[in-house]
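Colleague: Could you walk me through this model? I'd like to begin with the whole chain and then look at one residue.

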Amino acid sequence: MKAQTALCIVPTGFGILSGYITRYSKEAFLSDIILNSSFYDMAVNFDYLYQFAVRMSLFIAFNLIFGVYIYKNFCTASVYVFSRNSNRTWWFLKQCMQIALYGIVYMLLNLTGTIVITMIMHVTIKIDAGALQLLILYFLVYTLWLYITTVLINILAMYTNSASSFAVVSVIQLLLISLLGLFNTVFPIEDNPNPGRNIKMMLANPMAHLILGWHDNMSEAADNVKQVFNITINAEHTIVYYTVLAALVTIAGIISVNRYDIIISDHETGGN
């Protein structure tokens, strides 16, 4: 299946499934639908973290589809590609921008699938006051994370191969999810007279920032969402954090693609 075809089918399918599973009454706020299409009701115990890992399949699917989007040029036609693009930095940045654009489209189709199936099920969707703000947060946070992980897979593939790099990044994401469980046992925040250090440790985990229900600056429809340990994450801090990670990954990629010995190596076949 071509990447562009999968880009249309996969997120829409996930969105339709999510909308079908979630049952609304005759009316629903757009904010509720956005929240139900995201990680919003998580807590740091096994049941919730298991749900978190399952819901990550939407993101891992994107990683799988575009995990070789940049790297494939190094395997099949590197001499041709780079003879026409002497400025490898600019070429790489254009590839990264395309991945970011695909990420936006991916999340848009996912949410659209949910909205369409919800309307087919005769639910009236009301646009509430905070929906736009929440929608912006939804696209910024999730597109940035898709960008970070997918570009990282492409970079690692230059040194190993596509299968290994995909597996490494997927395992890292699942490991980071499991580490959130430590803040319910090993590094407790609840019933802790001095939880400051543990709170900082939890917020250093990038997976915590994927959970929209833990953020402030959200819509009124989200006010009743359970906040883990009564802690909220500042939405602006999440965007800055992810932007810094995205910048670091991009810089690492620029350094990598400008190394000639990497460009001519084909790790998929083991040849040079």
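Colleague: How much of the chain counts as buried?

Modeller: Of the 272 residues, 46% count as buried, where buried means under 20% relative accessible area with a 1.4 Å probe, protein chains only. This is a predicted model, in which local features need pLDDT of at least 70 and side-chain atom pairs count only at pLDDT 80 or more, while totals for chains, interfaces and linings use all residues. Residues are numbered from 1 along each chain as its sequence is written, and side-chain values use heavy atoms, with hydrogens and water left out.

Colleague: And what does the secondary structure come to?

Modeller: It comes to twelve helices and two strands, which are DSSP runs numbered from the N terminus (helices are H or I with at least four residues, strands E with at least two).

Colleague: OK, now Thr-150: where does it lie?

Modeller: Thr-150 lies in helix H8, which covers residues 131-159.

Colleague: Is Thr-150 buried or exposed?

Modeller: Thr-150 is buried, because its relative accessible area is 0%.

Colleague: Which backbone oxygen does its side chain reach?

Modeller: The side chain of Thr-150 reaches the backbone oxygen of Leu-146, at 2.7 Å.

Colleague: What else is Thr-150 in contact with, leaving aside neighbours within four places in sequence?

Modeller: Thr-150 is then in contact (heavy atoms within 4.5 Å) with Phe-62, Asn-63, Phe-66, Gly-67 and Ile-99. Phe-62 and Phe-66 are also among the residues of H4 that meet H7, where Ile-99 is one of the residues they face.

Terms used. Buried < 20%, exposed > 50% of the residue type's maximum accessible area, 1.4 Å probe, protein only. Polar contact = N/O pair within 3.5 Å; in protein donor to acceptor, adjacent residues only side chain to side chain.
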